[in-house]
Amino acid sequence: MEISAFLLPKDQVAFITSSISMLEAMQQLEQHYYSAIPIIDENNKYVGTLAEGDLLWKLKNTEGLSFENMGQVKVSDIQRHVHNESVEINAQMEDMLTLAADQNFVPVVDSTGVFLGIIRRKDIIEYYTRNITD
């Protein structure tokens, strides 16, 4: 089985760009009920994952930053505390499963790093639960 069988394509995934504001990122997380969201750059390359905690740490540790002025801080200026590794679309299933054990979702990229979508750990578990035989 290829990892592409589990791929939730980019057009069905919420993601943000590194150029949007902290406020816009927070709104995206809230709108989709996510605790973390993939970040892509202006070339559609995966650059990391922004988590709720990253926003809270930035708010806590930046003097003068408040909900009123979060629109002035770019996502690219927020330190990320969790590194969600990506996997190439043609990687081995074992590589993807290793990442999924530690991440709620695994970002999937092509050979040049362009973001293609995600693989959700939930979908992997559901697949194996349906297909386990005694």
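I began with a definition: a residue is buried when its relative accessible area is under 20%, exposed when over 50%, and partly exposed in between (1.4 Å probe, protein chains only).

**Basis of the entries**

I noted that this is a predicted model, in which local features need pLDDT of at least 70 and side-chain atom pairs count only at pLDDT 80 or more, while totals for chains, interfaces and linings use all residues. Residues are numbered from 1 along each chain as its sequence is written, and side-chain values use heavy atoms, with hydrogens and water left out.

**Helix H2**

I looked up which residues of helix H2 (residues 52-61) are buried, and found Asp 54, Leu 55 and Leu 59. They lie on the same side of H2, because they cover an arc of only 130 degrees around the axis; the arc is that of the directions from the helix axis to the C-beta atoms. I recalled a general point here: an α-helix has 3.6 residues a turn, so residues three or four places apart point the same way. On the other side of H2, I found Leu 56, Lys 60 and Asn 61 exposed. The cover over the buried residues of H2 includes helix H1 (22-32) and strand S4 (46-51).

**The whole chain**

I recorded four helices and seven strands in the protein chain; these are DSSP runs, numbered from the N terminus (helices H or I, at least four residues; strands E, at least two). From the N terminus on, the order of elements is β-β-α-β-β-α-β-α-β-β-α. The C-alpha atoms fill a box of roughly 60 × 30 × 20 Å, taken along the principal axes. Of the 134 residues, 37% count as buried.

**Nonpolar cores**

I next looked up the nonpolar cores, each a set of buried Ala, Val, Leu, Ile, Met, Phe, Trp, Tyr and Cys residues joined through side-chain atoms within 4.5 Å. In the largest nonpolar core, of 16 residues, Ile 16, Met 22 and Leu 50 touch the most other members. H1, strand S3 (36-40) and H2 are the elements that give two or more residues to this core, and H1 gives the most, with three residues. Apart from this core lies another, of eleven residues, among them Val 87, Ala 100, Val 108 and Ile 124.

**Helices H3 and H4**

I found that helix H3 (residues 93-100) and helix H4 (residues 121-131) pack at an angle of about 115 degrees, with their axes 10 Å apart. The axes are lines fitted to C-alpha atoms, for helices over the stretch in contact, and angles run from 0 to 180 degrees between N-to-C directions. Contact means heavy atoms within 4.5 Å. Met 93, Met 96, Leu 97 and Ala 100 of H3 meet Arg 121, Ile 124 and Tyr 128 of H4.

**Two single residues**

I asked where Asn 84 is found. Asn 84 is in the loop between H2 and strand S5 (87-88), and counts as buried at 8% relative accessibility. Not counting residues up to four places away in sequence, Asn 84 touches Tyr 46, Thr 49, Gln 103, Phe 105 and Pro 107.

I then looked up Ala 5, in the segment before strand S1 (8-9). Ala 5 is exposed, with a relative accessible area of 56%. Ala 5 and Ile 119 are 114 residues apart in sequence and 9.2 Å apart in space, C-alpha to C-alpha.
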